[in-house]
Amino acid sequence: NKVDVLGLYDISGTTPKVAALNTSSDATKQELLFKAYDQYGNELSALKTEDVTITVSGNTGLEKATLGTLFETRTVNDQTYFAIPMKGTLAKGTSVVTIVGNSVGLLSSTPIEVKAQVVVADLTITPSDTLYVGTKTEVNYVAKDTEGNEVTDYSKLNALLPASTFTNADFSWERQADGSAKLFIKPSVGEGKTLANNPSGTNSSTAVLTTQVGTNVHTITVAVFAKKVSTAIIGVKGDAAKVSIIGAQHLLFKQSDFIIQDQYGNLMTDAEVAANESGYKIVAVKEPGGKGFEDAIASNGTAISETETTTMFDVTTKATETGVSTYTFKLQNGGTDIPNSDCQISLTAVGIDSITDITIADLPEMYVAVDGNATNDAANSASIPLVVTGKYGALNVVINNAFYNVIGEDKPTTHLKYEAGTISATGADVLKDDNPSSVVETIEIVVNNSAGTSVKKNVTISSVAPAVKSVKLGAGKTFALTSYDLGTAVNYASISG
């Protein structure tokens, strides 16, 4: 005798939710929900489909699906409703679902709107900085969807593949922690790239950048300058490798320790330096008259490497002589010195008594197995570096294990063992049965200086292995999830990007 229509609901999930139809929606996952009452106002718990006539009119393509003898029911917010299932191929427009009681006439008429699918419809771009061949630069963008709303969602923007949206393949989208997207361009030279010809020196070439989404086309003209190349060394970063302790200790220089300038006068990033051609090298020369360091320089002239942490120079302190030595660092290309590329740096060799403010770096929580298997125990937290540093004036100095003793090193505790400047957790007969799930161990070192300086640091050893909360990958890296419980490394999943 009466119906109350709740509305069209999407039943694709575990709980029905209000439907918002667009042309990409699945009509078979939509149902019109309603309650029915008899002539006395009592809610019906069952309803035969033969008692009412359902019709769907309009231009959306929405249709009534086949009904059984009884209407099926759905529960929303603890209320039970009868369901009219739908089907059809949807188009933009409006339809009306009508319920007619076969004995009483029209009971309800419910309009249903189907909107066009909301997709990215327009994209305009502007580089945020000067463009250089081979340098990755962020590009400012404004993306709008079919309803005029601004879009920043990576999952939507990444679908705009460079091949279809951009005029070249040098663009890329990158997902941010909040799910938004940043756009980058790394100009290159060649067919289908940003430039057809490579500019040289400090010259630039003109490039036309085009974006196209549907019928919306935008072009901008930009200057792209020649690839950055290393032209001068102007120093080393911070206190990298400036002070060492005497006694045949090694000062190691890495590519990333150097501050290098390009032909435009800009400081280069480590990645830009590493992108130099293979003929580029940094060469070191020890100037005459220096003290405290041996004349030999190991690894001298190593090519600027794609691996920014590769050791490029290794200088060694003398056994007992303290003092200062001056080194000249210069750039070469193809074995020829690059003019005006050199920089002089003074290195100091000191005795251990000259080092103050000695500290042990914080240690991570360590984990042990509790099965008594020494191999498994060592695999959980093995050979963690014990990083000991001090000060020489304002400069940091690394103190290696030749200059300190670990208290108890010759008699390992039941929780930790020490070896060559590292510590490892061991679970031999601890952290199981009635013992606690974690213990705190105090590490104490005594420095081999005249004061016998003592320094302590606590470390927690736990039998509860940490749960993986997130995985973060560097660009171009691949991650494989494996299980060693099965005896072999089984590939469960891989993630690229």
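Tutor: Start with the rule for rings. Two rings of Phe, Tyr or Trp, the last taken by its six-membered ring, pair if their centres lie within 6.5 Å. Planes under 30 degrees apart count as stacked, planes over 60 as edge-to-face, and the rest as tilted. Keep in mind that this is a predicted model.

By that rule, Tyr141, Phe166, Phe171 and Trp173 are linked by ring pairs into a cluster. How many aromatic pairs does a search of the whole structure find? The number is 15. Take phenylalanine 34 and phenylalanine 82 as an example. Their ring centres sit 5.7 Å apart, and the planes make an angle of 45 degrees. That pair is tilted. Now place the two rings on the chain. Phenylalanine 34 belongs to strand E3, residues 30-37, and phenylalanine 82 to strand E7, residues 79-87. The two residues are 48 apart, so the pair links distant parts of the chain. Phenylalanine 34 has 0%, so it counts as buried. Phenylalanine 82 has 4%, so it is buried too.

Next, phenylalanine 225 and tyrosine 264. Their ring centres are 6.1 Å apart and their planes stand at 85 degrees, so this pair is edge-to-face. Phenylalanine 225 lies in strand E16, residues 216-225, while tyrosine 264 lies in the loop between strand E20 (258-262) and helix H3 (270-274). The pair therefore ties together parts that are 39 residues apart in sequence. Phenylalanine 225, at 26% relative accessible area, is partly exposed. Tyrosine 264, at 21%, is also partly exposed.

Rings can have charged neighbours as well. Lysine 136 lies over the face of phenylalanine 184, 4.7 Å from the ring centre. Lysine 228 does likewise with tyrosine 132, at 4.5 Å from the ring centre.

Now turn to charge pairs. Side chains of opposite charge can pair when their charged atoms come close. The count of salt bridges here is twelve. One of them joins arginine 74 and glutamate 31, with N and O 2.7 Å apart. Arginine 74 is in strand E6, residues 73-76, and glutamate 31 is in strand E3, so the bridge ties together parts 43 residues apart in sequence. How covered are the two partners? Arginine 74 is partly exposed, at 25% relative accessible area. Glutamate 31 is buried, at 5%.

Arginine 74 has another salt-bridge partner, glutamate 72. Here the closest N and O atoms are 3.8 Å apart. Glutamate 72 has a relative accessible area of 55%, and over 50% counts as exposed.

A further salt bridge runs from aspartate 270 to lysine 237, with the closest N and O atoms 2.8 Å apart. Aspartate 270 is in helix H3, and lysine 237 is in the loop between strand E17 (230-236) and strand E18 (243-245), so this pair ties together parts 33 residues apart. Aspartate 270 is partly exposed, with 22% relative accessibility. Lysine 237 is partly exposed as well, with 32%. Salt bridges can also share partners: Glu31, Glu72 and Arg74 are joined in this way into one network.

Aspartate 314 sits in strand E23, residues 311-317. Its relative accessibility is 15%, so it counts as buried. What does aspartate 314 touch, beyond residues up to four places away in sequence? The list is His250, Leu251, Leu252, Ala296, Ile297 and Ala298. With histidine 250, the side chain of aspartate 314 makes a polar contact of 2.8 Å. Isoleucine 297 is 17 residues from aspartate 314 along the chain, with 5.7 Å between their C-alpha atoms.

Finally, step back to the whole chain. It has four helices and 38 strands. Of its 497 residues, 38% are buried. Among contacts with a separation of 6 or more, 60% are between residues 24 or more positions apart. The accessible surface comes to about 26,500 Å², and carbon and sulfur atoms hold 48% of that.

Definitions and conventions
Residues are numbered from 1 along each chain as its sequence is written. This is a predicted model: local features need pLDDT of at least 70, side-chain atom pairs count only at pLDDT 80 or more; totals for chains, interfaces and linings use all residues. Side-chain values use heavy atoms; hydrogens and water are left out. Buried means under 20% relative accessible area, exposed over 50%, partly exposed in between (1.4 Å probe, protein chains only). Contact means heavy atoms within 4.5 Å. Accessible areas come from the Shrake-Rupley method with a 1.4 Å probe; for residues, only the protein chains shown count as cover. A charge sits over a ring if NZ of Lys or CZ of Arg is within 6 Å of the ring centre and within 35 degrees of the ring normal. A polar contact is a pair of N or O atoms within 3.5 Å; within protein, one must be able to donate a hydrogen and the other to accept it, and residues adjacent in sequence count only if both atoms are side-chain atoms. A salt bridge is a side-chain nitrogen of Lys or Arg within 4 Å of a carboxyl oxygen of Asp or Glu.
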